[in-house]
Amino acid sequence: MDPTIPCPAPSKSKIAKTFQKVIHLKSAKKNLSNPGFCLFIPQEKLKCCESQQFEKENLEEEAKESKNRAAVEAFVAKLFATISAVKAAYAELQMAQFPYNNEAVQSADQAVVDELKALSELKHRFLKKQIDSSPPHVTLMLAEIQEQQSLMKTYEITMKKMQGEMERKDSQISLLQDQLQEIVQNNKSLEIKLNASGSFSILDNIKFSDSNPRVFIMVFHYALRSIRNFVKLMIRNMVSANWDTDAAANAIQPEITFSKRDHKGFAFESFVCREIFSGFNEPFFSIQNDHQSLPNDTDQLRIFFFEQFKKLRSVSVIQFLGQNPNSLFGKFLKAKYLHLVHPKMEFSFAGNLNQRKMVNSGEYPETEFFKAYAEMGRRVWLLHFLAFSLDQEVSIFQVKRSSRFSEVYMESITDDIFVAAQRDFWVAFTVVPGFKVGQTVVQSQVYLSSTKTPPRS
């Protein structure tokens, strides 16, 4: 088919009008030779040209958007880097103020001002929409480097601050440890002086006519303080000698579940009380079997025991033993010591049995351990004589294991067990024995359990 078609000369065809924007017509002279014909462009070729033009425009637009996005990302990165630099400069300023360093403060202050100016400049550029800079990828990389450097600087300042704080804390700890050591030494010194002097003004004021349950309770608590001092000293020596105190406590009071670890000290206190008060109801703790020398008259017997009480109430126990080595009190201390202090215990404390040999031969060592023991024995001996000087009968009692708790005869050695819900409590073991003074009851101090403890075999 001929690609040209005839058309009227006076007017253009519809096809020529449609494609007049796409094709260029021939010059007027050439058209005069053939005015009735025009060029036909296929539809497929026309669509291809339009598609290429559209894709070109899209590519240009995407490139422009990508460039703008890269510029914005670079600007934001630079903004965050500048903020990090401000924080680092401010941290350095704070560091320079504590302790105060004038040169460092001025330098850090200038750094803060410089970074704030840079931040202000970025703000103005953003408001003026002048965020374009050098190649965005270069700006982005430099901003990341600046931010990392600022973060490292901040971390270094924080580490220095924490290091300084640690040094101050270590200094405080060292000072407190020294103060604690000094207080402990002072307490030991006062305890030794108190035990050595043996003087107690309240005991000095006790008269025979004043003997009553109230006085007995006062002297009982006086004796109980020395017992607890001795128990603490014994436990400290056991720990220093690397004893397994848990195993030792379980051997004294087996099958007991202690609610707190430090409650195991009550097991040692119960052992010491059981041994030191053994025989309390008998005159002279049954040390002297011949009672024929005692007065037969009840009043005279009471006066006799009160005079024995007066002899020891204000003396130094070691001094008294030195002057009266064969006294009944000396025999009492010897007998109780040999039962209370096991040879293995003494050997672990001192590395030998010299102290035991001295006691067994009637001598009395002047070690801290024996002085504490002797002072405990003196106070229990005083309580014993005071009990026999009263005009009311005094008897000692222990509460059996697994007995139901009674507030009349007992008091709990700890109060934390009563925090639990109201329920029945049972005696796990007696820590400190109780006393009956006529119709007055001095409560026994017991360790309680919320469950029944099996009786000891």
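**Entry 1: a pair of strands**

I began with strand S2 (residues 410–412), which pairs with S6 in the parallel sense over three bridges.

**Entry 2: another partner for S6**

Next I turned to strand S3 (residues 426–432). How many bridges join S3 to S6? I noted five, and here the two strands run antiparallel. Thr430 is a handy place to start, with Val446 as its bridge partner in S6. So S6 pairs with S2 in the parallel sense, and with S3 in the antiparallel sense, by the pairing rule of at least two bridges.

**Entry 3: S6 itself**

Is strand S6 buried or exposed? I checked residues 444–449, and six of the six are buried, so S6 is largely enclosed by the rest of the structure. For this I took buried to mean under 20% relative accessible area.

Then I looked at which way the residues point. Ser444, Val446 and Leu448 point one way from S6, while Gln445, Tyr447 and Ser449 point the other way. Residues on both sides are buried. I was glad to recall that in a regular strand the side chains alternate between the two faces of the sheet.

Which residues make the nonpolar patch of about 310 Å²? I wrote down Val72, Val76, Phe80 and Ile83. I picked out Val76, which lies in helix H3 (residues 43–97). Val76 counts as partly exposed because its relative accessibility is 33%, and that class lies between the 20% and 50% cut-offs.

**Entry 4: the whole chain**

I stepped back and found 15 helices and six strands in the chain. The chain has 457 residues, and 35% of them count as buried. Its accessible surface comes to about 28,900 Å², with 55% belonging to carbon and sulfur atoms. Among contacts between residues at least 6 apart in sequence, 73% join residues at least 24 apart.

**Entry 5: where I read with care**

I looked up confidence last. The average pLDDT of the chain is 80, and 79% of the residues score at least 70. Over residues 1–12, pLDDT stays under 50, and the model has 10 contacts beyond four places in sequence for them. Residues 21–34 are also below 50, with four contacts beyond near neighbours in sequence. Where pLDDT is low, the predicted coordinates should not be read in detail.

Conventions:
Residues numbered from 1 in each chain as written. Heavy atoms only, no water. Patch = residues over 30% accessible without salt bridge, like charges linked within 9 Å, V, L, I, M, F, W, Y side chains within 5 Å. Areas by Shrake-Rupley, 256 points an atom, 1.4 Å probe, with all protein chains shown as cover. Salt bridge = Lys/Arg side-chain N within 4 Å of Asp/Glu carboxyl O. Helix = DSSP H or I, 4+ residues; strand = E, 2+ residues; numbered from the N terminus. Buried < 20%, exposed > 50% of the residue type's maximum accessible area, 1.4 Å probe, protein only. pLDDT = per-residue confidence, 0-100. Contact = heavy atoms within 4.5 Å.
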